[in-house]
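Trainee: Could you take a close look with me at the aromatic rings in this model, and at what lies around them?

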Amino acid sequence: MTLTLRPMRAAEADAVADMVQGLAGHIGQGVVAKLTGPGLRAAADLIDVVVAEEHGRLIGACLGLMTFSTWRGARGLYVVDLYVEPAARGRNIGQRLLRCTAQRFAARGAEFIKLEVDESNSGAQRFYARLGFAKKTQDRLHILEQDGLTALTASGGET
């Protein structure tokens, strides 16, 4: 096995977007990821992508963002997506991708990792628990989607 972990090249953005589509398909429930290769390339200043390559083919990716916690007073890594092809699972590739990403962010000052796992993705829940991640039941995710954001930014005039 010749497995290489490395930063994504711009030309691989389409393949990584396809992996994120695969993750959405794995979760099911009609979830459709809107990520595209051009969108990923356009966000290159925001997102760091590490890929797993084997025999010249991408088989996994970890997408991360730098975040900041006011509660901790520290920088952290926010894992947006972690995906390994089904045929390549069970070989610690996900853990290796996560470790490589964490090392890259630790070098930039990250002191913690934060991520979200779909409630229906029991395999991912077990994976992260094995690595020592703790589920934070006191936090609840709240999202204002594009229509709501547009309405909020257009309304009122208060600043």
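Trainee: Which residue lies over the face of Phe112, and at what distance from the ring centre?

Mentor: Happy to! This is a predicted model, in which local features need pLDDT of at least 70 and side-chain atom pairs count only at pLDDT 80 or more, while totals for chains, interfaces and linings use all residues. Residues are numbered from 1 along each chain as its sequence is written, and side-chain values use heavy atoms, with hydrogens and water left out.

Now to your ring: Arg72 lies over the face of Phe112, 4.1 Å from the ring centre. A charge sits over a ring if NZ of Lys or CZ of Arg is within 6 Å of the ring centre and within 35 degrees of the ring normal. Arg108 is placed over a ring too, that of Phe105, at 4.9 Å from its centre.

Next come the rings that meet other rings. A pair of aromatic rings is described by the distance of the centres and the angle of the planes. Searching the whole structure gives 2 aromatic pairs (rings of Phe, Tyr and Trp, the last by its six-membered ring, with centres within 6.5 Å; planes under 30 degrees apart are stacked, over 60 edge-to-face and the rest tilted). Phe127 and Tyr128 make an edge-to-face pair, with centres 4.9 Å apart and planes at 70 degrees. Tyr128 also pairs edge-to-face with Phe133, at 5.2 Å centre to centre and 70 degrees between the planes. Together, Phe127, Tyr128 and Phe133 form one aromatic cluster.

How are these three placed relative to the surface? Phe127 is buried at 16% relative accessibility, and Tyr128 is buried at 9%, whereas Phe133 is partly exposed at 25%. The cut-offs are under 20% relative accessible area for buried, over 50% for exposed and in between for partly exposed, with a 1.4 Å probe and protein chains only.

The structure holds 0 disulfides (a disulfide being a pair of cysteine sulfur atoms within 2.5 Å). For Cys62, the nearest cysteine sulfur is that of Cys100, 8.7 Å away. Cys62 is buried, with 0% relative accessibility, and Cys100 is buried at 17%.
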